[in-house]
Amino acid sequence: MMSNGGDSSEIVRELEELKLKKAEIEHRISTLEAKLQDTAAVELYDAVSNGDSYLTAPELEHGLSPDQIYRYSRQLLLPSFAVEGQSNLLKSSVLVIGAGGLGSPALLYLAACGVGQLGIIDHDVVELNNMHRQIIHTEAFIGHPKVKSAAAACRSINSTIKVDEYVEALRTSNALEILSQYDIIVDATDNPPSRYMISDCCVLLGKPLVSGAALGMEGQLTVYNHNGGPCYRCLFPTPPPTSACQRCSDSGVLGVVPGVIGCLQALETIKLASLVGEPLSERMLLFDALSARMRIVKIRGRSSQCTVCGDNSSFNKQTFKDFDYEDFTQFPLFAGPLNLLPAESRISSKEFKEILQKKEQHVLLDVRPSHHYKIVSLPDSLNIPLANLETRLNELTSALKEKGNGHANTESCTNPSVFVVCRRGNDSQRAVQYLRESGFDSAKDIIGGLEAWAANVNPNFPTY
Ligand SMILES: Nc1ncnc2c1ncn2[C@@H]1O[C@H](COP(=O)(O)OP(=O)(O)OP(=O)(O)O)[C@@H](O)[C@H]1O
Ligand SMILES: [Zn+2]
């Protein structure tokens, strides 16, 4: 359809002319832009070679580069933090011990905020059951050292900081040498021997220690050995009983709980490093996730009687190197299998499979806590948690009787048909010890528990 009575060939010609003009204008624009850039570059080059400073990056007293100013701008804008805080942070060095539930968020924030030098030490590898809380790691790193994974994550967030990797456990033999290279120490481990060792080492080296702990639905946080404040031993001169010490792998933890405490550890570290704010020394933060409560309680100051930081302490570097922290806390640095029973009181998971195949009469006693039992269990098993075994022994006696092999009277229970299983084969040994003392003379534990069953007999049996 024509409009305004115009001739179509006329319109096409006019359109072509306009297009040509448009192309000319665009070409002219890009030529001028390029020229302008060249001019700016030439002027800058001239300015630099003439020593003119008005076009070069300004020399700033605080020493931050233009890139640093831009990267950390949101922190620099905080009046209470400002360039002084950032400069201090960039000059600081921090060692994070443990790249697990606490270390993961702590490391991410410390790398991001611009701690100049960040050390990471851990001997462990990334596992699938770490992923729900150890958020610095990705699935691609499963089976690889946590330190490698964490260091890669830190570098990808901030390529401008120095990241040191220690793929090893911290022990008395390497602790003094490694810790001495850092200004601030972050304890993100999960066991009493490491906690005492790290605190003692910080006292010897005069380093502040940002200590966090999280288990189940609760967490706590404090800063030790800061400005005359207490050390870990001032507060806990004697280790807690072994029964009070749990690992996440035994008692569980909701992922975000160490996430909260790890973030707060990063925050306390940033405050110490930047010299901003009031560190959480001589006070302890207690976090209860279930009731959504966070309390800060005053804790005792430095104890003059403390065997490590006290007035008359003779604790020195040599004492430290010779000290047996596992013996002191009665807690192993690395969770390993117990060996409480003689060989004749134990059978392997494969031998137990043969008993099932031969349909030999027996009672399979599972001594795990009932919430573990609900996750997964072997068929036809009786669940009496180890903690209740003494009071519920009659249930075992009845089960034996029902099978036609046992006797209601425990004194005459010589039948070899009680097999005891647990998750990894430690509690089952304790249970067998107790059962044998109680007259179940031939109770046997299944070596390595359900984990060994899954590894050696049924690969489809879930582990956790
Ligand atoms: N002495 C130590 N030296 C170095 N790393 C340590 C030391 N003690 C503990 N760790 C590390 O501290 C981290 C503690 O984190 P966390 O308890 O969340 O992890 P985990 O041991 O993988 O947990 P789980 O109990 O579920 O297996 C672990 O990665 C552990 O290897
Ligand atoms: Zn002390």
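Me: Which helix gives the most to the lining of the second largest pocket?
Reply: This is a predicted model, where local features need pLDDT of at least 70, side-chain atom pairs count only at pLDDT 80 or more, and totals for chains, interfaces and linings use all residues. Residues are numbered from 1 along each chain as written, chains are lettered from A and ligands numbered from 1 in written order, and side-chain values use heavy atoms, without hydrogens and water. The lining includes Leu 267, Ile 270, Lys 271 and Ser 274. With four residues, the top contributor (helices being DSSP runs of H or I, at least four residues) is helix α11, residues 256-274.

Me: What volume does the second largest pocket have?
Reply: A pocket here is an open set of points on a 1 Å grid over the protein atoms alone, with protein on both sides within 12 Å along at least five of seven lines; lining residues have an atom within 4 Å of a point. Its lining has six nonpolar, four polar and one charged residues. The space filled by probe spheres set on the points comes to about 180 Å³.

Me: How much of ligand 1 does the protein bury?
Reply: Let's start with polar contacts, meaning pairs of N or O atoms within 3.5 Å. A backbone N or O atom of Leu 170 is 2.8 Å from a ligand nitrogen, while a polar side-chain atom of Asp 190 sits 3.0 Å from a ligand oxygen. Taken alone, ligand 1 exposes 630 Å² (Shrake-Rupley, 1.4 Å probe), and the buried share is 91%.

Me: Which residues come nearest to ligand 1?
Reply: There are 20 residues around ligand 1, each with a heavy atom within 4 Å. By class, that shell has five nonpolar, 10 polar and five charged residues. The nearest are Gly 101, Asp 122, Arg 133, Lys 146 and Leu 170.

Me: How many Å separate the centres of domain 1 and domain 2?
Reply: The bounds come from an automatic or database domain assignment. Domain 1 covers 92-329 and domain 2 covers 343-457. Taken over C-alpha atoms, their centres are separated by 39 Å.

Technical notes:
Polar contact = N/O pair within 3.5 Å; in protein donor to acceptor, adjacent residues only side chain to side chain. Nonpolar A, V, L, I, M, F, W, Y, C, P; charged D, E, K, R; others polar. 1 Å grid on protein atoms, 1.4 Å probe; cavity = no way out; pocket = protein on both sides within 12 Å on 5 of 7 lines; lining within 4 Å. Helix = DSSP H or I, 4+ residues; strand = E, 2+ residues; numbered from the N terminus.
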